[in-house]
Amino acid sequence: MKQDNYISVKTFCKLHGVGESFVHTLCEYEIVQVEYGQEESRFPIEELPLMEKMVRLHNELEINPEGIQAIYHLLGQVESLQQEVASLKKRLEALG
Amino acid sequence: MEFIDYYKVLGVDKKASTEDIKKAYRKLARKYHPDLNPNDKEAEMNFKRANEANEVLSDPEKRKKYDEYGQDWQHAEEFERAKRSRAQQGRQGDRSGYTYSRTSGSDQDFSDFFESMFGGGGQGFGAGGQRVRFRGQDYNAQLQLSLMDVYTPQKQTLTVNGKNIRLTIPAGIEDGQTIKIKGHGGPGIEGGPAGDLYITFSIVNHTAFKRDGANLYKTVEVPLVKAVLGGEIQVETLTGKVKLKVAAGTDNGTKVKLKGKGFPKYKKEGQFGDLYLTYQVKIPKQLTQEQRELFESLEKTNLV
């Protein structure tokens, strides 16, 4: 993977006004994947939308990392249930 | 355009302190925040309302104006002009007008009521009003196609923010399905990557077929005599007519599967779903004298 495909944790935290420890805690809770290099820690660009979502929850709703971890898992369940409901609705329509 | 009671939206008293307003707003934001309510349009609406109420009530100047004119908001500008003119006559240099401008990059939608009273959108969500973005904004677009359009791959050119995007929509895309076009959203900030473009498809079905994924469903009528004695019927599929044999003694509601006569499977070239037919035995309503007599003869045979 090219260097451009990563975001430095330092840059991200500076721009979003969060401490680096916030990102490290998210990594510890297995919400995002951070690579720890000798010079700097970074994460893949694909993780950026998720990271920004977590920062919004933290900054805008004052939710701590523990709360974010719980929300992350619940949101995963909500989304999978929504998909299931949508697919069942379609099946019901087709059979109805 | 209706008056919006921002106090009611936040569920606070008119005498509520800034702290009360902040608290009430945070409570609603935690309930309706879009990140916590994926694909929930109602929550999104409630969130926008709460956001707008907060925008007005947490800003002393806006709150003052809102409180002053309340239900008479439509005349607010006239009052403001009259007030300014009176003030200028009395004392030169007293500037009491308000100016508001829309913050660029704000993705908040404000009601017509808000726009007409305050002119433009505010900073949007966030305690300090600072909403830093690194990655560009994601764009959402809707594309309506007919069921027959998506029977084959579709080449389309979309214009998003002045840029033409050519894309090939794979055959078999589903109604409500969203595809992501990477990097075609808003530009990033401070070297950040561009956002993505999300296209949600609305597939309009004008055909007689119902669709569930790659399978199609259709009810076909079978004449009573053919259902009893057996025979051949002609059925319309998406790709043309086919002849089917109906077995003697076919029950109403019998289901038949035509393998591979369904819809193309998404991203599986050359693979198709099945077509499920449900037979509906058609009972003749108008009989000739001769037909009636034949049925009466049948009845006499004690046919069950």
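This is a predicted model: local features need pLDDT of at least 70, side-chain atom pairs count only at pLDDT 80 or more; totals for chains, interfaces and linings use all residues.

Visitor: How should I read strand pairing, and in which sense do strand 2 and strand 3 of chain A pair?

Guide: In a regular strand the side chains alternate between the two faces of the sheet. Here, strand 2 (residues 35-36) of chain A pairs with strand 3 of chain A in the antiparallel sense over 2 bridges. Y36(A) has S41(A) as its bridge partner, and the two strands form a hairpin with 4 residues between them. Strand 3 (residues 41-44) of chain A is also joined by 3 bridges to strand 1 (residues 6-8) of chain A, again running antiparallel. In that pairing, Y6(A) stands opposite P44(A).

Visitor: With which strands does strand 7 of chain B pair?

Guide: Strand 7 (residues 215-223) of chain B pairs with strand 6 (residues 210-212) of chain B in the antiparallel sense, over 3 bridges.

Visitor: Turning to salt bridges, what is the general idea?

Guide: Side chains of opposite charge can pair when their charged atoms come close. The count over all chains comes to 16 salt bridges.

Visitor: Which residue forms a salt bridge with R91(A)?

Guide: The partner is D212(B), with the closest N and O atoms 2.9 Å apart. R91(A) lies in helix 4 (residues 65-95) of chain A and D212(B) in strand 6 of chain B, so the pair joins two chains. R91(A) is partly exposed at 41% relative accessibility, whereas D212(B) is buried at 11%.

Visitor: Where do K48(B) and E44(B) lie?

Guide: Both are in helix 3 of chain B, 4 residues apart, about one turn of the helix. E44(B) is partly exposed, its relative accessible area being 29%. Elsewhere, R135(B), D138(B), K180(B) and D196(B) are joined into one network by salt bridges that share partners.

Visitor: Is N37(B) buried or exposed?

Guide: N37(B) counts as buried because its relative accessible area is 17%, and the cut-off for buried is under 20%. This residue is found in the loop between helix 2 (18-32) and helix 3 (41-57) of chain B. Its side chain reaches the backbone oxygen of K31(B) at 3.0 Å. Leaving aside residues up to four places away in sequence, N37(B) touches K31(B), Y32(B) and A43(B).

Visitor: Finally, which residues make the nonpolar surface patch of about 360 Å²?

Guide: That patch is made by L287(B), F295(B), L298(B) and L303(B). F295(B) is found in helix 8 (residues 289-300) of chain B and is partly exposed, with a relative accessible area of 36%. For chain B as a whole, the accessible surface comes to about 19,000 Å², of which 47% belongs to carbon and sulfur atoms.

Terms used:
Residues are numbered from 1 along each chain as its sequence is written. Chains are lettered from A and ligands numbered from 1 in the order in which they are written. Side-chain values use heavy atoms; hydrogens and water are left out. Accessible areas come from the Shrake-Rupley method with a 1.4 Å probe; for residues, only the protein chains shown count as cover. Patches are made of residues with over 30% relative accessible area and no salt bridge: like charges are joined within 9 Å, nonpolar side chains (Val, Leu, Ile, Met, Phe, Trp, Tyr) within 5 Å. A salt bridge is a side-chain nitrogen of Lys or Arg within 4 Å of a carboxyl oxygen of Asp or Glu. Buried means under 20% relative accessible area, exposed over 50%, partly exposed in between (1.4 Å probe, protein chains only). Two strands pair if DSSP finds at least two bridges between them. A polar contact is a pair of N or O atoms within 3.5 Å; within protein, one must be able to donate a hydrogen and the other to accept it, and residues adjacent in sequence count only if both atoms are side-chain atoms. Contact means heavy atoms within 4.5 Å.
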